[in-house]
Amino acid sequence: MSIFCSGNKIKFHHVSLIATLLCGTLTFTSGASAQSSCNSAALQGSWELQSAIYRDQGGKVVGEIKDQQTKSRKLIAGSHFSFITWHPDGKFEVAASGSFSADAKGYHEQVDATSLPRLQGKTYHFQCQIEGDKWLHQGLEDGIQIEEHWLRVSR
């Protein structure tokens with residue numbers, strides 16, 4: 001993957017958060033697919049988590065998902081979302097659902113049902129960028145900076 005920072009192409013393999021801090025903005029390129037803004041129509045469908053990194057307020061990595069070591073699927077239908085997260089051995093981790101909206105400021109989730117009580121009733125606001133069938137989702141969740149990379153598996 002590459003990014004453009006002040007007109008210069010930079011290759012990176014790990015954390016786009018670093019690129020965001022260096023460049024101020026983040027623009028993904030991957031060839032033919034066009035970048036689109038985050039909106040409800042663009043988010044519709046079924047998504048699977050490809051990778052994620054979680055950092056505390058000091059920037060220390062406190063969690064990372066890669067190589068499908070943890071699986072998560074998110075469904076976006078109409079104005080609602082639901083997700084489930086589990087381990088490759090089938091062991092359940094967490095599920096939640098609720099309403100969502102997307103606008104020029106990003107992607108917003110209002111959790112109304114969850115298996116994890118600390119999420120119940122909360123609203124989360126994330127930066128959102130869609131390029132083809134790839135969705136970058138990043139922001140703060142209960143004091144943890146999250147960066148999740150999702151891949152659309154169906155519309």
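What share of the 155 residues in the chain do buried residues make up? I looked this up before anything else, keeping in mind that the model is predicted, and I noted that buried residues account for 39% of the chain.

Entry on the fold. I find two helices and 13 strands in the chain. Turning to contacts between residues at least 6 apart in sequence, I note that 42% of them join residues at least 24 apart. For the surface, I wrote down an accessible area of about 8,600 Å², with 55% of it belonging to carbon and sulfur atoms.

Entry on the aromatic rings. I count six aromatic pairs. For tryptophan 47 and tryptophan 135 I read a distance of 5.0 Å between the ring centres and an angle of 70° between the planes, and because planes over 60 degrees apart count as edge-to-face, I list this pair as edge-to-face. The two residues sit in distant parts of the chain, tryptophan 47 in strand β5 (residues 45-55) and tryptophan 135 in strand β12 (residues 134-141), 88 residues apart.

I then checked burial: tryptophan 47 has 0% relative accessibility and so counts as buried, and tryptophan 135, at 1%, counts as buried too. Tryptophan 135 also pairs with tryptophan 150, and here I noted a tilted arrangement with 6.2 Å from centre to centre and 35° between the planes. This pair joins strand β12 to strand β13 (residues 144-154), where tryptophan 150 lies, across 15 residues. I recorded tryptophan 150 as buried, like tryptophan 135.

Key
Residues are numbered from 1 along each chain as its sequence is written. This is a predicted model: local features need pLDDT of at least 70, side-chain atom pairs count only at pLDDT 80 or more; totals for chains, interfaces and linings use all residues. Side-chain values use heavy atoms; hydrogens and water are left out. Rings of Phe, Tyr and Trp (its six-membered ring) pair if their centres lie within 6.5 Å; planes under 30 degrees apart count as stacked, over 60 as edge-to-face and the rest as tilted. Helices (H or I, at least four residues) and strands (E, at least two) are DSSP runs, numbered from the N terminus. Buried means under 20% relative accessible area, exposed over 50%, partly exposed in between (1.4 Å probe, protein chains only). Contact means heavy atoms within 4.5 Å. Accessible areas come from the Shrake-Rupley method with a 1.4 Å probe; for residues, only the protein chains shown count as cover.
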